[in-house]
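Please look over the sequence and the 3D structure shown here before reading on. The briefing that comes after them is meant to be read with both at hand.

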Amino acid sequence: MKTLVQFFLNNIFAKYGRNTCWLMGERFTLMGLAFVSGVFIARCLGPDSYGILNFAIGYVMIFAFLIILGMDQIIVHELLLCPERENEILGSAITLRLAGCLVMLLVLLVSVYLFRVDPSSRHLIFIIFLGYIGVALNGIDAYFQAKVKVVYTARIVIIWAIIMAAANIYGAFQRFPLSYFALINSLIVLLPAALKIVVYQLWFGSVLRWRCRIGEVKLILRRSGWMLWLMITGLIVSNTGYLILKAIGDNTMIGNYAIITKILSCFIVFPETLSISLFPAIASVAIESPEKYRRRRGMLYCGLFWFGILVSVFLFFFGSVFIQILYGGAYDSAANNLWIATVGFSISSVFIGFSKWCVIENRQWILSIATSCSAAGAICFTWYGGSKWGLEGAVWSFAASALLCWFGALFCGKAIRQEIWIILKSICGVFK
């Protein structure tokens, strides 16, 4: 308790606390408005049409690794270590992401015909892809995170998210076609990303000074190689269910599955945002003060775990009523199976914090092994469980993939087992 009080009174907390609050405000606003507008869209479209829309979103998202390339936290780390190379780092990173955007378009063009995606879904897929140009430009976020200046971009994102949520709700009441909602999905990302570049240009630097250096590109790719695989496996875990259920089920099953996924995504924003925001605070003391470094990691693990427990308890008792009130009786299957998806939520939350430790320690290969186990489990459990028990069997893949992540990490060496021991002690409130 004394350690926690000292931390909250420290100037470091004031600095990173404000940044965390703005970052969390941005993420929670995005997720909250997406959740609210999603309720109206789901109720108005019904499980079948809602399933078609989410299949298209999930299909495009599987290929997002071609843009992000697992480099987000790598770029933040590089900017922290070498601020004098800012122009080369940002120029090389965003050039890589834009090149990945072009590759992603080519992959989508080939894959939709190779897998014989139906024309209606194909149309939605290419509309949704437009938003990934914004994802490429969002590489500028690494600068604002590294400089603890998220406040400058959070306001833009929040205001635009409110406008787009209103557009989604209006479209739901007017019964607009699915292509309208796909376009809004793209614009939510595209315009704020462009405005972040403008903010950087006006107050922090000049994009004209950015330079794409071959040496920097190689360095980013080399250091993000394992993180790229982590990104791929993470996207498989998050989105493979839509493709598998499309093959073994129907659009109604996909619609109910999407409801469960959306609700979990709303709650996972907290551990993700907290870990991202506190990453600079933890990484900055990794060399100068090992004791402080260990203590800060411990507090992060503790907060993530107990938050996960609270979410699991809440959804276990009130999740089904929550879905029925918001989405209506058409989504009874989602209401009856939501509790299954919460079984592994707390350990998934802690793994997000653990992943930041792996980045700081240059042990990204551990994450690749752990998430490979998770992805394999997600595919197998979703396919087998969905074929045998329908939606209930498919939803068990959430808990299975969370457990398999840690199972894979256990076999990655003594240092990992020592870190897991620190995690267990931290959960009990022992930070030293």
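What follows is a short briefing, grouped by topic.

This is a predicted model, in which local features need pLDDT of at least 70 and side-chain atom pairs count only at pLDDT 80 or more, while totals for chains, interfaces and linings use all residues. Residues are numbered from 1 along each chain as its sequence is written, and side-chain values use heavy atoms, with hydrogens and water left out.

**Salt bridges**

- The structure holds six salt bridges, a salt bridge being a side-chain nitrogen of Lys or Arg within 4 Å of a carboxyl oxygen of Asp or Glu.
- One of them joins Glu216 to Arg85, with the closest N and O atoms 3.0 Å apart. Since Glu216 belongs to helix H11 (residues 214-223) and Arg85 to the loop between helix H4 (72-81) and H5, the pair ties together parts that are 131 residues apart in sequence. Helices here are DSSP runs (H or I, at least four residues), just as strands are runs of E with at least two residues, and they are numbered from the N terminus.
- Glu216 is buried, with a relative accessible area of 7%, whereas Arg85, at 23% relative accessibility, counts as partly exposed. In these terms, buried means under 20% relative accessible area, exposed means over 50%, and partly exposed lies in between (1.4 Å probe, protein chains only).
- Arg85 and Glu216 also belong, together with Glu78, to a network of salt bridges.
- A further salt bridge is formed by the side chains of Asp141 and Lys196, at 3.1 Å from N to O. This pair links distant parts of the chain, with Asp141 in helix H8 (residues 141-146) and Lys196 in helix H10, 55 residues apart. Both Asp141 and Lys196 are buried.
- Arg294 and Glu291 form a salt bridge in which the closest N and O atoms are 2.3 Å apart. Both residues lie in helix H14, three residues apart, which is about one turn of the helix. Arg294 counts as partly exposed at 28% relative accessibility, and Glu291 counts as partly exposed at 32%.

**Cavities**

- Rolling a probe the size of a water molecule over the atoms shows where empty space is left.
- The structure holds two cavities of 30 Å³ or more. On a 1 Å grid over the protein atoms alone, a cavity is a set of points where a 1.4 Å probe fits but cannot get out, and its lining residues have an atom within 4 Å of a point.
- The second largest cavity has about 40 Å³ of space, where a volume is the space filled by probe spheres set on grid points that are joined across faces, edges and corners.
- Its lining is made of Ile282, Arg297, Leu300, Tyr301, Gly353, Lys356, Trp357 and Ile360. The elements that give two or more residues to this lining are helix H14 (290-327) and helix H16 (345-360), and H16 gives the most, with four residues.
- By class, the lining of the second largest cavity has five nonpolar, one polar and two charged residues. For this count, Ala, Val, Leu, Ile, Met, Phe, Trp, Tyr, Cys and Pro are nonpolar, Asp, Glu, Lys and Arg are charged, and the others, Gly among them, are polar.

**A nonpolar surface patch**

- Val313, Phe314, Phe316, Phe317, Phe318, Trp339, Val343 and Trp396 make a nonpolar surface patch of about 800 Å². Such a patch consists of residues with over 30% relative accessible area and no salt bridge, with nonpolar side chains (Val, Leu, Ile, Met, Phe, Trp, Tyr) joined within 5 Å; accessible areas come from the Shrake-Rupley method with a 1.4 Å probe.
- The largest share of the nonpolar patch, five residues, comes from H14. Phe316 has its place in helix H14, and this residue is partly exposed, with a relative accessible area of 48%.

**Positive phi angles in loops**

- Arg116, although not a glycine, has a positive phi of about 55 degrees. Arg116 is found in the loop between helix H5 (86-114) and helix H6 (119-129), and is exposed, with a relative accessible area of 75%.
- Arg175, also not a glycine, has a positive phi of about 60 degrees. The loop that holds Arg175 runs between helix H9 (151-173) and helix H10 (178-203), and Arg175 is exposed, with a relative accessible area of 60%.

Methods
1 Å grid on protein atoms, 1.4 Å probe; cavity = no way out; pocket = protein on both sides within 12 Å on 5 of 7 lines; lining within 4 Å. Patch = residues over 30% accessible without salt bridge, like charges linked within 9 Å, V, L, I, M, F, W, Y side chains within 5 Å.
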